[in-house]
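Subject: Structure handover

Hello,

Here is the structure you are taking over.

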Amino acid sequence: MAIRYLSRSSSVSTAALALGALVLLSTPVSATDVPAEPAPPRPLPVYTSVLLDRPGVQVRPGPAAPGLPGDVTALAWLVADARTGEVLAAKNAHRPLPPASTLKSLFALAALPRLDADRRHVVTEQELDHVGDGSSLVGVAPGRAYRVADLWRGVFLSSGNDAVHVLAGLNGGLHRTVEQMRAKARELGARDTHVVSPDGYDAAGQVSSAYDLAVFGRAGLADPDFSRYCSTPVATFPAGGWSYRIHNTNRLLTGADGVAPYPGLLGIKNGYTSHAGSTLISAAQRGGRTLVVTVMNPRTGGARAVYEEARSLLDWGFAAARKVRPVGSLLPPPKAPRTASGPSHAAAQGTALSVEPDGSDWPAVLMVAAGSVVVLAGVVVALRRRAVAMARHRSERRRFVE
């Protein structure tokens, strides 16, 4: 067996060709060779929850920012931009507290899309069996027929727990509705909320937070039916052959009981129990800007305090527009990536991945370099094989001529 070696000149040629291929691979293409493509939009900034996880007041004022109102005594509160989800300021944002009837906002988010507003239903006694003693009621009576839309007005305006229980029955029952509410809270990124009863009635372990209530309020504004119901100041409720007027219990909307109505108020939901104190989700619009404010359990001021403290926070939020840096976001965290074999390791560990692009070109450079090495190896192998074949061909020609 004869072993042949390439001549020196062939080796040099091979190396030169391989180096030329590498140079071509690593040389950027000019803008005149390939039409320019628009750069993909960068994602909106993802705010960490570090500041909102801390107790106490969190705010990042700029030089011209107004000071926070000094008359807010609530255990927890939050001010956010409804369009962007940016949290402008908060106090004890994730502190778990009983939500009272503000939890009806989550009930509506879960059940509204599942129920036909024009459906008529005759109420049974069993559907009202579990309404808690001392609950707020709209006056639903067994044996009477109601449209689903009537019942929703009873929920939003009169905060009627009787209407909630009938709607929950139409939605598959209390247990199923509670499960749907829990799932909806997780979907929206509201991790502080634990639902026991869909009407918000005091129950062991039933809690939410100023952050989660703001999430529910923002999501409600995006639903036309929710927005229409929560901003209705007065309506009629059927009572057999006649009807009666019901008024929204949100005093910032109606101006009742000595509370001045707030200009531009979009409503949402208020609540009260002896255990929870007064709670409120409010939204208002001014100058093309919409704010969501939540207030939980003011410590002084009586029944009107929750409305006046919400008023102060709304005024501050509109005055602070573009003068404070956000301390967090109401947007849900990005989902952890999944592989074909199932959830990623980080997802399995319950850790949300949040990687923000930093504009670095190193990943692209490394990918090009790796690809170049592979192509270069292929070029070298191909050239060496061709050189061997040519040398064998010349040898055979000399043998034939001799």
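Predicted model: local features only at pLDDT ≥ 70, side-chain atom pairs only at ≥ 80, totals over all residues.

Residues are numbered from 1 along each chain as its sequence is written, and side-chain values use heavy atoms, with hydrogens and water left out.

Aromatic rings

A pair of aromatic rings is described by the distance of the centres and the angle of the planes. Rings of Phe, Tyr and Trp (its six-membered ring) pair if their centres lie within 6.5 Å; planes under 30 degrees apart count as stacked, over 60 as edge-to-face and the rest as tilted. The count by this rule is 7 aromatic pairs. In one of them, Phe156 and Phe226 have ring centres 5.1 Å apart and planes at 80°, so this pair is edge-to-face. Phe156 belongs to helix α3 (residues 148-156) and Phe226 to helix α7 (residues 224-230), 70 residues apart, so the pair links distant parts of the chain. Helices here are DSSP runs (H or I, at least four residues), numbered from the N terminus.

Phe156 also pairs with Tyr229: the centres are 5.7 Å apart and the planes are at 15°, so this pair is stacked. Phe156 has 2% relative accessibility and counts as buried (under 20% relative accessible area; exposed is over 50%, partly exposed in between, with a 1.4 Å probe and protein chains only). Phe226, at 1%, counts as buried, and Tyr229 is buried too. Ring pairs join Phe107, Trp152, Phe156, Phe226 and Tyr229 into a cluster.

Helices α2 and α5

The axes of α2 (residues 104-111) and α5 (residues 174-187) come within 9 Å and cross at roughly 95°. Axes are lines fitted to C-alpha atoms over the stretch in contact, with angles from 0 to 180 degrees between N-to-C directions. The two helices are therefore roughly perpendicular to each other (65 to 115 degrees; under 35 is roughly parallel, over 145 roughly antiparallel, the rest oblique). Contact means heavy atoms within 4.5 Å; on the α2 side it involves Leu106, Phe107, Leu109 and Ala110, and on the α5 side Thr177, Gln180, Met181, Lys184 and Ala185.

His165

Is His165 buried or exposed? At 5% relative accessibility, His165 counts as buried. His165 is in helix α4 (residues 161-170). Leaving out residues up to four places away in sequence, His165 touches Glu127, His130, Val131, Leu174 and Asp199.

Regards
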